[in-house]
Amino acid sequence: MGERSDSFTTTGCTWLWPLSDLTGVPLDQVNFIICQAVGLAAAFWFRRSLSPQRVSPALRHAVATLLGVSFVIFCFGWYASHTFILTLSCYVILFKASIHNVHWYSMLVAVGYLTVCQISRVFIFSYGILSTDFSGPLMMITQKITTIAFQVHDGMCRKQEELTPEQRRLTVVTRPSLLQYLSYNLNFMSILVGPCSNYKDYIEFIEGRHVQSRLKRLRDGSPEQNGWDALSEPSPVQAVCRKLLVCVGCMFWFFAITKSFPITYTVDPEFLSQASFLRKLVYSLISLQAARPKFYFAWTLADAIHNAAGYGISGVDEKGQVSWDLISNIRIWEIEATTSYKAFIDNWNIQTGVWLKNVCYDRVPYYRTPLTFVLSALWHGVYPGYYFTFLTGIPVTLAARAMRRNFRQYFLGSPTVKFAYDMVTWLATHLAICYTVAPFTLLAMEPTLEYYRSMYFYVHIISILAIIVLPSRPRSTKPEKHAQHSNNNVKGD
């Protein structure tokens with residue numbers, strides 16, 4: 001009976017079953033947390049003992065790869081082979097395919113293989129019994145495989161004038177070696193939960209050029225440097241400690257609050273038959289708000305691991321302090337305090353939004369938003385709940401935009417009135433978000449429809465009415481910088 005329970009709660013190593021039993025945390029999550037904790041310690045060691053000044057880039061690549069491979073095998077057992085098969089297959093494509101089409105071939109193979117694995121996941125794991133499984137690393141590797149394929153295509157095939165400034169900065173002019181490719185895709189910092197970073201940034205980090213390239217800038221267009229190149233490498237300790245404190249808070253919140261408000265209770269037959277609409281509404285809001293800290297924990301810890309290794313400097317803030325948020329995946333305060341549905345999306349799973357923009361939205365000539373939506377949906381998986389979330393998000397986004405354009409200007413005259421408006425829009429935004437993402441956590445079609453019926457489809461109805469009734473107004477003359485993110489990040493993974 002014990003063996004069956006072990007295999008049921010993880011596909012990886014079962015050495016930590018006693019710890020799982022003691023804490024009440026599922027074994028797959030215990031394995032994940034322990035690997036990330038070891039990864040954090042390894043990251044500090046990697047920065048100090050394997051610094052670019054001490055060892056060669058080849059050794060740094062090799063160690064980062066071996067640690068990553070060890071982690072993914074420990075967590076997922078033989079299912080980790082899927083990550084190796086996909087990575088090696090796409091490396092062959094990168095070298096053998098025509099440079100004119102290598103990006104599309106890589107996209108087709110990576111997304112296709114991921115989709116096949118996502119379909120098998122539905123049947124193997126019976127609608128998400130495991131919260132961490134082999135599809136997580138595959139999703140991250142798919143982003144990286146396609147990212148580098150497009151950047152190689154840009155650097156070796158396209159003319160400079162055809163590229164945007166950001167694309168020009170990130171071009172890769174020679175195909176990577178096998179070791180570089182494996183290190184980029186399988187390194188221990190990002191193998192389990194990401195996030196995806198650009199190949200050029202990663203290589204600069206491995207070769208010891210990351211700090212200079214990020215901090216050395218010209219002053220007012222003159223050839224005089226700002227002096228960062230003369231200073232020692234900035235320490236990430238403060239940034240890492242700050243992020244670890246966030247992780248501790250999220251873990252405390254999970255044990256104190258999240259476990260007390262399971263989302264599945266929203267479709268419990270007894271609850272549905274006895275609870276009033278208002279009680280259902282309040283419970284749904286609380287349970288889905290309480291579910292977010294586990295994602296905050298995973299993404300913030302991954303960010304801290306990158307920083308501990310010396311990777312993640314984005315530049316200098318307005319106070320002259322080094323910013324360690326180059327590959328941050330989440331902005332917690334902006335999410336929790338947002339009064340805008342779009343702002344929530346733009347601050348959630350940030351690097352996935354960047355990836356979708358770079359490989360789809362900026363690349364296709366027509367139907368940018370629908371095609372970006374399709375790619376996002378395929379990348380996330382095949383559970384029906386995911387598609388309910390994405391499809392619901394479309395009218396909600398359009399309705400929120402229409403309401404904001406038609407009403408917001410009337411509430412800006414007085415600070416008191418604006419504060420009241422912000423409070424109302426905060427509540428409305430988070431109710432809409434909870435309603436939209438509930439299917440993402442319920443996964444299956446039957447509980448999703450049960451949930452929406454219990455809510456009387458109220459957000460759907462309000463959204464459609466708002467789209468129909470409210471007059472459309474001309475768009476602002478200012479371009480919407482983040483329009484491409486409109487359907488990329490609703491998922492909580």
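The largest nonpolar core of this predicted model takes in 109 residues, and Phe-46, Phe-188 and Tyr-202 have the most contacts inside it. A nonpolar core here is a set of buried Ala, Val, Leu, Ile, Met, Phe, Trp, Tyr and Cys residues joined through side-chain atoms within 4.5 Å. Buried, in turn, means under 20% relative accessible area, exposed means over 50%, and partly exposed covers what lies in between (1.4 Å probe, protein chains only). Helix α15 (residues 293–308) supplies the largest share of this core, 10 residues. A second, separate core has eight residues, among them Tyr-383, Phe-390, Phe-440 and Leu-443.

A word on the ground rules: the model is predicted, so local features need pLDDT of at least 70 and side-chain atom pairs count only at pLDDT 80 or more, while totals for chains, interfaces and linings use all residues. Residues are numbered from 1 along each chain as its sequence is written, and side-chain values use heavy atoms, with hydrogens and water left out.

Overall, the protein comes to 23 helices and two strands; these are DSSP runs numbered from the N terminus, with helices (H or I) of at least four residues and strands (E) of at least two. Of its 493 residues, 52% are buried. Among contacts (heavy atoms within 4.5 Å) with a separation of 6 or more, 72% link residues 24 or more positions apart.

Back to Phe-46. Leaving aside neighbours within four places in sequence, Phe-46 is in contact with Ser-51, Arg-60, Val-63, Ala-64, Phe-188, Phe-205, Ile-206 and Ala-309. Phe-46 also belongs to an aromatic cluster with Phe-71, Tyr-184, Phe-188, Tyr-199, Tyr-202, Phe-205 and Tyr-311.

Ser-197 counts as buried because its relative accessibility is 7%. Not counting residues up to four places away in sequence, Ser-197 touches Tyr-184, Tyr-202, Tyr-311 and Ile-327. The side chains of Ser-197 and Tyr-311 are joined by a polar contact of 2.9 Å; such a contact is a pair of N or O atoms within 3.5 Å, where, within protein, one must be able to donate a hydrogen and the other to accept it, and residues adjacent in sequence count only if both atoms are side-chain atoms.

The whole structure holds 38 aromatic pairs. Rings of Phe, Tyr and Trp (its six-membered ring) pair if their centres lie within 6.5 Å, and planes under 30 degrees apart count as stacked, over 60 as edge-to-face and the rest as tilted. Tyr-386 and Phe-440 are a stacked pair, because their ring centres are 4.1 Å apart and their planes are at 25 degrees. Tyr-386 lies in helix α20 (residues 384–407) and Phe-440 in helix α21 (residues 415–442), so the pair ties together parts 54 residues apart in sequence. Tyr-386 is buried at 4% relative accessibility, and Phe-440 is buried as well, at 8%.

What about disulfides? A disulfide is a pair of cysteine sulfur atoms within 2.5 Å, and the search of the whole structure finds zero. For Cys-250, the nearest cysteine sulfur belongs to Cys-247 and is 6.4 Å away. Cys-250 is buried, with a relative accessible area of 7%.

Gln-53, by contrast, is exposed, with a relative accessible area of 64%, in the loop between α3 (27–49) and α4 (57–76). Gln-53 and Glu-207 are 154 residues apart in sequence but 9.1 Å apart in space, C-alpha to C-alpha.
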